[in-house]
Amino acid sequence: MIKKLKGFSTPIRIRNYFNGWMGISLLVCLAVAFPLMVIFGHLFKTGDSSWQHITTNLLPAYTINTLILMGGVALLVTLIGVSTAWLVSMYKFPGRRVFQWLLVLPIAIPAYILGFTWVGMLDYTSPAYVFLRNNFGVETGQFLFFNILSMPGAIIILSLSFYPYVYLLARTWFMQQSASILEAGYSLGHKPLSVFFRIALPLSRPALVAGVSLALMEVLNDYGLVNYFGVDTFTTGIFSAWFAFGSPVSAIKLSGYLMIFVLILLMAERMDRGNRRYDSVGSQFRPLRQKELNRLNGFLAMITVMLPILLGFVLPVSMLIYWSIQTSHLAFDHRFLSLLKNSFLLASLAALAVISISVLIGFTVRTFPSRMARFMTRFATIGYAIPGAIIAVGLLVPFIWIDNQLARITGSAGGIIITGTWFTLVFAYTVRFMAVGYNSIESVMTKTSVSLDEASRSLGMSNRNTLFKVLIPIIHPGILAGALLVFIDVLKELPLTLILRPFNFDTLAIRAFEFASDERVPEAAPASLVIIFVGLMAVLLLRKTLKKQGYVHHP
Amino acid sequence: MSIILSAKNLTKTYPGNKYRSLINFNLNVEKGQITALLGESGCGKTTALRIIAGFESAEKGEVIINNRVMANDRLFTEPNDRGVGIVFQDYALFPHKTVWKNIVFGLNKLSKSEQQSVAEKVLSLTGLKGYEQRYPHQLSGGQRQRVALARALAPNPGVLLMDEPFSNIDSMKKNQIREEIREILKAAGTTVVFVTHDTKDVLAIADRVAVMKEGVLMQEGTPKEIFNHPANEYIAHFFGKTNVFQGNADENGKVASEIGVFNLPEGKDFGENVSISVRPNSFLVHTTERRGTVQVLVKKRIFMGEYTELICSIQSGSEAGMDLFVHVSSDFQATNDHLWLEVEEKNAWLMDLH
């Protein structure tokens, strides 16, 4: 048998803070947080003449519209999400088991696609309107029923798109409640509705706050839909400041203001997460048993649950399929192939970047746990809360500056060296979707016993060998899942891509958005369907993890 | 015998904790010995083990293995360079590797043929021949433990550390497995430190034991020494049932108590208040009154197989109302409710109150 002892020692006090792993991780975190620092650095700079115009004429409208949009969506997603979650967790009715999964599906459709699909389904030439007009003489103006291209329309579409966040968290929460808590309510003489409002709803507040704030972060991130619907918000403001007014300073300052909204949301969610003491899960836990409903009530419950699925998924997807068949002779040409190639390649690169960094940081925190390391991960994953437009602006401004400096040095005229390249795009995606990848990797890592790492090290392996020979082979399913989630998110992404894409460069999302903006909605269908189809894989993956663990780590 | 492992004045406070998890911990382990760190959870025994292994660093103190300083206040040697083998409580077998691959994992510095011969050797030592190609999930708990042991032994570590080695073993099989593990360890001639909260583990396999409480090492010795001569009441109770009487020492070294008058051992001074521990099987039981005995009322008789446990209460005097455990042989026939108990000097262990 062998005897080997190397004589290498490190001074002890600093080894948990200053080593190669921590050093590299810190650098990466700084890079990821870089765009945000740019935004805050510019917040108090003086604006130009465009900024004067924006503050006096547009800023009030941006603020009011953004607030109305957030308020409306918050109310509606709560209503849809909580009511459907309550019905499927508490009652037995036909199709309950299927519906509880179908209710998640709308999350696979990006809001802007859902938006223009509905516009196409309700406008003057839509099959439904034509049918009703010709047979029943229904005449309601440009659109069937009501003018969907409006604030209420935007609120409805965004809510249909984002209610699954609330639904998922609320459902998980209801499922975790011990039946006895609710039974206690019944036994004390309360009727079901009273139990719902007095016990279940207050109990599910943490899930609600988390779900609604996720939905609202998506609302703040959205550009495609509000732009298409003509609702001027901060995000559209950033775009017009940049592209219409040509004023990067204004775009940055608007981003800074938008960040204030984001920070309020983040703080609300963090504070609520901080004092979550509502857990009743313990040895006394008894799962809920669903109550049988009579036929009428069962039917009503079924209709309630089916409505968001129909409006948010089945109808729009059917319409998109119909349009795709109609336009198939136009759509599937060589340009479509290059779109596919661009989108898939970009998404793969971003997934690779996010996952490599996540594994690096995750392993560093695991191996050298400290308050600083934990803080570092928060810093690196803040991007999920920040609208894509802000990240884009925060990256573009310094990159343009660097390009100009480089151009001055080399003496060339056009300063496009790093702006408008794939590198910039992948960098931005990495910042934006870091949390998606990191969370799935962190969750598999926490489930993997640290003693495996320790065993490897006690058997003479270095940290690097431990990572590659022990940890990665064990957690690779989580790595793949995280990569897939990032991949899908990149595929759907619009605002960031619109700002940062190289000249004459299209992705599936951009093509769909541009066709729709040019009032050629049917031609946007094929690209949209590809995005939805890939998004559905995420839902399937989500379902698998949900089933396995009974909770959500990435909605 | 030569000292293989020595821990000097180890002190550790975990970040965010007010109290210290380990306070001036000292331990010397001789070559080939099996030493147990015994104590309740949170007593610091696992902390001590992890500091020796190199997974934690102490804020004060020194770890020396094979005459090499592994850690002190200036130096820290990484776990992979300490030559320490570890068997984890959850065994930590690599789930994606076969038994064979697990065992040769720590042998990567050796040539293929050397790996082969070392692995063969530990496989036969641990009785795992024929299981080489199995994966950990295809093994029983006891087999997994032996794989973990084989893996840790393969690189021939200077010291083998084991964390609660028997806590995951079915209680029916514990005795047999303790015996097996002791045989393997002795056959390999390994120096072992293991952590446990179960005195049965200690009595079954340890050569020496260190009893810990609240971060402090309270007593160290052979299991027999500590069983018979616990340093204080806490340790006396930890090692099985005992009856503790209160005694008062006078200036002549005589300790008076309800159960008799005893002489303080040479050179011992516990102050005025002395505790006297009497194991349940150390009483002389009389059915009639005698001098120097204490009268008790039998409240309960519990048949335990090889012996019968009597639960008795003292009727009068300063210990009135105290319950005593008295073990008598199962053919002890007396049915009277009153008994008189006597303790011989050699069976009364005088110790510190705390």
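Helices (H or I, at least four residues) and strands (E, at least two) are DSSP runs, numbered from the N terminus. B:Ala154, for one, is found in the loop between helix 4 (141-153) and strand 7 (159-163) of chain B.

This is a predicted model, in which local features need pLDDT of at least 70, side-chain atom pairs count only at pLDDT 80 or more, and totals for chains, interfaces and linings use all residues. Residues are numbered from 1 along each chain as its sequence is written, while chains are lettered from A and ligands numbered from 1 in the order in which they are written.

## Confidence

The predictor gives the complex an ipTM of 0.80 and a pTM of 0.78. Per residue, its confidence is the pLDDT, from 0 to 100. Chain B averages 89, and 99% of its residues score at least 70. Chain A averages 80, with 86% of the residues at 70 or above.

Within chain A, confidence is lowest in helix 7 (residues 179-187), at a mean of 69. It is highest in helix 19 (residues 450-458) of chain A, at 91. Two stretches of chain A need care. In residues 277-283 of chain A, pLDDT stays under 50, and the model has six contacts beyond four places in sequence for them. A contact means that the C-beta atoms of two residues, placed from the backbone, lie within 7 Å. In residues 549-555 of chain A, pLDDT also stays under 50, with 16 contacts beyond four places in sequence. Where pLDDT is low, the predicted coordinates should not be read in detail.

## Chain A

Chain A has 23 helices and two strands. Of its 555 residues, 46% are buried. Here buried means that 20 or more other C-beta atoms lie within 10 Å of the residue's own; 12 or fewer means exposed, and in between is partly exposed, with C-beta atoms placed from the backbone. Among contacts in chain A between residues at least 6 apart in sequence, 83% join residues at least 24 apart.

Chain B is divided into domain 1 (3-228) and domain 2 (241-351). These bounds come from an automatic or database domain assignment. The C-alpha centres of the two domains lie 40 Å apart.

An unreviewed UniProt entry carries the annotation "domain: ABC transporter" for residues 5-239 of chain B. UniProt positions are given in the numbering used here, feature names are shortened, and annotations may be inferred rather than shown by experiment. The span is 32% helix and 25% strand, and its end C-alpha atoms lie 26 Å apart.

Helix 1 (residues 45-53) of chain B is mostly covered: nine of its nine residues are buried. Among them are B:Lys45, B:Arg50 and B:Ala53. Just after this helix, B:Gly54 takes a positive phi of about 100 degrees.

Back to B:Ala154. It counts as buried because it has 26 C-beta neighbours inside 10 Å. Leaving out residues up to four places away in sequence, B:Ala154 touches B:Ile103, B:Gly106, B:Leu107, B:Val118, B:Ala119 and B:Val122. The C-alpha atoms of B:Ala154 and B:Leu123 are separated by 9.1 Å, although the two are 31 residues apart along the chain.

## Chain B: two open sheets

Two strands pair if DSSP finds at least two bridges between them. One open sheet of chain B has five strands in the order 13-12-11-14-20, with antiparallel pairing. Its edge strands, strand 13 (260-263) and strand 20 (349-351) of chain B, each pair on one side only. Neighbouring strands are turned by 35 degrees against each other on average, direction ignored. Axes are lines fitted to C-alpha atoms, for helices over the stretch in contact, and angles run from 0 to 180 degrees between N-to-C directions.

Strand 14 of chain B is mostly covered, with five of its six residues buried.

A second open sheet of chain B has five strands in the order 15-19-16-17-18, again antiparallel. Strand 15 (283-286) and strand 18 (323-329) of chain B are its edges, each pairing on one side only. The twist averages 45 degrees from one strand to the next.

| Strand pair (chain B) | Bridges |
|---|---|
| strand 11 (residues 243-249) and strand 14 (residues 273-278) | six bridges |
| strand 14 and strand 20 | three bridges |
| strand 15 and strand 19 (residues 338-343) | four bridges |

B:Phe245 has B:Ile276 in strand 14 as its bridge partner. B:Gln246 stands opposite B:Ser275 in strand 14. B:Ser275 in turn has B:Met351 in strand 20 as bridge partner.

How values were computed. pLDDT = per-residue confidence, 0-100.
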